[in-house]
Amino acid sequence: MIALFLSTNQGNVMKKTILVAVLGAMASATTFAGSTVTDLSNPKPYIGLDYTYLSDVQGALKSTYDSQVVEALVDNYTNQVSLVAGVQVNDYIGLETTLGKNIKDISKIDGIKLSLQTATLAVTGQYPMYDRFYAKGAVGQAWNRFEVKFDGEKEHDSIDKFFAKAGVGYQWTANSVTEATYVYNGGMDGFSLQYKYVF
């Protein structure tokens, strides 16, 4: 059964990366058209922590593997904790990256451990709504690595997918921000709670 995870899915990563770059450039051009050049003179870097609940893990794997085997081996949801780093380029646009790992084994089979590690890179956008609330969105790429440990052996498979999120944020102080967003990660979806410290 471990053979389910041993075959590497060779997606066309170059096309996806180019698509993300084009979308980012379009978003930047649209935002910059309505911004002043002085907005770019004071970028604000930030770091933070992110909790993400993702469902339909089986669906993400069924596009590559036999659906009955996936259902027998893999739980259908996972919880992840991620480190976050980014930069708010101006009041409306930024770049963000995350690196996370599940906090719950998602294998259904005793003796087999299955983990999900995720890295994302996205162009972010935000727009003020009311008082300290703002709308938040992101579009980018996710690199999902499923790692299997069985009988002292370790194997992995990478599935690279489109990544997006949308939701709201609240700025408690000039440095302290929280966000709640819906997350789509290549067939998996769920929600995310993020805290970030802005320098």
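Predicted model: local features only at pLDDT ≥ 70, side-chain atom pairs only at ≥ 80, totals over all residues.
Followed from the N terminus, the elements run α-β-α-α-β-β-β-β-β-β-β.

Before selecting individual parts, display the surface and the contacts of the whole chain. The protein exposes about 10500 Å², of which carbon and sulfur atoms supply 62%, while 40% of its 199 residues count as buried. Among the contacts with a sequence separation of 6 or more, 59% are accounted for by residues 24 or more positions apart.

Next, select residues 44-55, which make up strand 1, together with residues 77-88, which make up strand 2; these two strands run antiparallel and are joined by 12 bridges. To see one of the pairings in detail, pick G48, whose bridge partner in strand 2 is V84. Strand 2 and strand 3 form a hairpin, with four residues between them, and Q88 has G94 of strand 3 as its bridge partner.

Now turn to the largest nonpolar core, which has 21 residues, and select V57, L61, V74, I106, L114, F146 and M188, the members that touch the most other members. At least two residues of this core come from each of helix 2 (57-62), helix 3 (67-73), strand 4 (112-130), strand 5 (133-150) and strand 6 (153-171). Apart from this core lies another one, of five residues, and Y46, V84, Y134 and V198 are among them. In soluble globular proteins, nonpolar side chains tend to be buried together.

The last stop is Q117, which lies in strand 4. Is Q117 buried, partly exposed or exposed? Its relative accessibility is 24%, and because of this value Q117 counts as partly exposed. If neighbours within four places in sequence are left aside, Q117 is in contact with Q80, G100, K101, W143, N144, R145 and E147. Finally, draw a distance between the C-alpha atoms of Q117 and R145, two residues that are 28 residues apart in sequence and 5.1 Å apart in space.

Conventions. Residues numbered from 1 in each chain as written. Heavy atoms only, no water. Core = buried A, V, L, I, M, F, W, Y, C linked by side-chain atoms within 4.5 Å. Buried < 20%, exposed > 50% of the residue type's maximum accessible area, 1.4 Å probe, protein only. Contact = heavy atoms within 4.5 Å. Areas by Shrake-Rupley, 256 points an atom, 1.4 Å probe, with all protein chains shown as cover. Pairing = 2+ DSSP bridges.
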